[in-house]
Amino acid sequence: MRAGLPTAIVNYSFAVSKPHLLEWVAPVMRSVTLHAVRESGSKAKLLDIGVDPGRIIVSRDSAFAVPAPPE
């Protein structure tokens with residue numbers, strides 16, 4: 001982001017709802033070019049802190065979309 005290049009965060013876990021973290025997390029999250037999250041609940045949290053909806057996609061991770069092989 002400092003280099004002015006597009007930045008994406010893909011399938012990450014971070015508690016964006018904790019009030020003591022929002023002061024420094026929200027500006028960073030709003031400046032990321034693309035957020036790829038696994039669930040609509042994560043998208044809702046990002047929208048709550050002002051992330052542009054056009055910068056968020058909800059996409060299941062392929063590791064979770066395929067049934068586990070038999071043992």
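Visitor: Why does Gly54 count as exposed?

Guide: In this predicted model, Gly54 has a relative accessibility of 67%. Exposed means over 50%, so Gly54 counts as exposed. Gly54 is found in the loop between α2 and β3. Its C-alpha atom and that of His35, 19 residues apart along the chain, are separated by 9.5 Å.

Visitor: What makes Thr7 a buried residue?

Guide: The relative accessible area of Thr7 is 19%. Because buried means under 20%, Thr7 is buried.

Visitor: Where is Thr7 found, and with which residues is Thr7 in contact, leaving aside its neighbours within four places in sequence?

Guide: Thr7 is found in the segment before β1, which covers residues 8–10. With those neighbours left aside, Thr7 is in contact with Met1, Val32, Thr33 and Leu34. Contact here means heavy atoms within 4.5 Å.

Visitor: How do you know that the distance between the end C-alpha atoms of helix α1 agrees with the span it should have?

Guide: Helix α1 has 13 residues, 19–31. The expected span is 1.5 Å times one less than the number of residues, so α1 should span 18 Å. Its end C-alpha atoms are 19 Å apart, which agrees.

Visitor: Where in α1 does a kink lie?

Guide: The kink lies at Val25, shortly before the proline Pro27, and amounts to about 50°. That angle is taken between axes fitted to the seven residues ending at a residue and the seven starting there.

Visitor: Which residues of α1 are buried, and what covers them?

Guide: The buried residues of α1 are Leu21, Val25, Ala26 and Met29. What covers them includes β1, β2 (34–37) and α2 (40–48).

Visitor: What is the order of the strands in the sheet, and why is one side of β1 and of β3 left without a neighbour?

Guide: The 3 strands form an open sheet in the order β1-β2-β3, with parallel pairing. β1 and β3 (56–58) stand at the edges and each has a single partner strand, so one side of each is left without a neighbour in the sheet. Neighbouring strands are turned by 10° against each other on average, direction ignored.

Visitor: How many bridges join β1 to β2?

Guide: There are 3 bridges between β1 and β2, which run parallel. Two strands pair if there are at least two bridges between them, so β1 and β2, joined by 3, are paired. Ala8 stands opposite Leu34 in β2.

Visitor: Which strands does α2 lie across?

Guide: α2 lies across β2 and β3, and runs at about 165° to β3.

Definitions and conventions:
Residues are numbered from 1 along each chain as its sequence is written. This is a predicted model: local features need pLDDT of at least 70, side-chain atom pairs count only at pLDDT 80 or more; totals for chains, interfaces and linings use all residues. Side-chain values use heavy atoms; hydrogens and water are left out. Helices (H or I, at least four residues) and strands (E, at least two) are DSSP runs, numbered from the N terminus. Buried means under 20% relative accessible area, exposed over 50%, partly exposed in between (1.4 Å probe, protein chains only). Axes are lines fitted to C-alpha atoms, for helices over the stretch in contact, and angles run from 0 to 180 degrees between N-to-C directions.
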